[in-house]
Amino acid sequence: MRLLQFCSTVLFAGLACPLHAANVTAMRVPEGGLQPQVAVDAKGGIHMIYFKGAPKGGDIQYVKSEDGAKWSAPMRVNSQPGSCIAIGNIRGAHLAVGKNGRAHVSWMGSAQAEPKAPGNQAPMLYARLNDAVAAFEDQRNVMQASAGLDGGGSVAADPDGLVYVFWHGGVGDLKGEENRSVFLAKSSDEGKTFARERAVNPQPTGCCACCGMRAFADSKGNVYVLYRAAMKLIDRDIFLLVSKDKGQSFQGVDLHPWKVNKCVMSTEHFSEANGTVLAAWETTQQVYFARTDASAKPGQPVAAPDAGN
């Protein structure tokens, strides 16, 4: 089963292959929640988070379903009320499900969120479901050296207990989109602790500041990241990063070019079916897909049917 999400509706689609869906069922998100994010664990359990409250400072709610029909009682993810933002449909929380079906959530902190990033700036926050599966542990900031968070970040978790939180930003006096990098804070103990972040994009591509990004770990433990570059401020191509060694190193692939001299606030997504990873993103008002794997040799981008806009 693959699950697609948009605004306050969740679409459930049974798949014969990654590009052909059938039997789509639409369901309202509990509490009228916005920006739902969905993940399925190894046993078929369906996990979902969604945003509730004011865009400049609201909360993340978590629910779970065993059959896609009945949801558990909502559980707040953020330990500090109002510490998540959802401005522009880009900066909402991201969800990953890892070892033993544990839920991991990362999000860009609001203006009042604590603890702060360096320079008293917006933090990249993280929380995980506790061992008792009864509540989320206290939120933590994983930004120790970088700053300038804008488009939010993403989280990935693999079956072996590795957790990866990604975001893009800057360090020190380096300013401007062309000098931004993709950063990774990695945990080797299911999110109990995180190593100090480091830049992982091998090419100096810059990052489109207010664009989103997406991280994903497949069933074999390979790690993928999609983000939009900002080379010379006009080459805002979609870049794919792939790691075959548990996030120790990454290969970078220029996946899809786009010459535009503005921040386009785009989003990205991954899904896995039948051993194939499918990447999705927007370029020039159109959604595109590409199959990829750990070889970092993605297939040719394919446009979604019909016109964009």
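**Close-up views of a predicted model**

View 1. Tyr164 stands opposite Lys186, a residue of strand E14. In this predicted model, strand E13, covering residues 163–169, and strand E14, covering residues 181–187, run antiparallel and are joined by 7 bridges.

**View 2. The sheet that holds strands E13 and E14.** Four strands form an open sheet in the order E12-E13-E14-E15, and their pairing is antiparallel. Strand E12 (153–157) and strand E15 stand at the edges with a single partner strand each, so that one side of each is left without a neighbour in the sheet.

**View 3. The disulfide between Cys210 and Cys263.** The model contains 1 disulfide, which joins Cys210 to Cys263 with an S to S distance of 2.1 Å. This pair links distant parts of the chain, 53 residues apart, since Cys210 lies in the loop between strand E15 (198–199) and strand E16 (214–217), whereas Cys263 lies in the loop between strand E19 (251–256) and strand E20 (268–273). A disulfide is a covalent bond between the sulfur atoms of two cysteines.

**View 4. Accessibility of four cysteines.** Of the two cysteines in the disulfide, Cys210 has a relative accessible area of 10% and is therefore buried, while Cys263, at 28% relative accessibility, counts as partly exposed. Cys84 is buried, its relative accessible area being 0%, and Cys208 is likewise buried, with a relative accessible area of 0%. The cut-off behind these assignments is that a residue counts as buried under 20% relative accessible area.

Key
Residues numbered from 1 in each chain as written. Predicted model: local features only at pLDDT ≥ 70, side-chain atom pairs only at ≥ 80, totals over all residues. Heavy atoms only, no water. Disulfide = S-S within 2.5 Å. Helix = DSSP H or I, 4+ residues; strand = E, 2+ residues; numbered from the N terminus. Buried < 20%, exposed > 50% of the residue type's maximum accessible area, 1.4 Å probe, protein only. Pairing = 2+ DSSP bridges.
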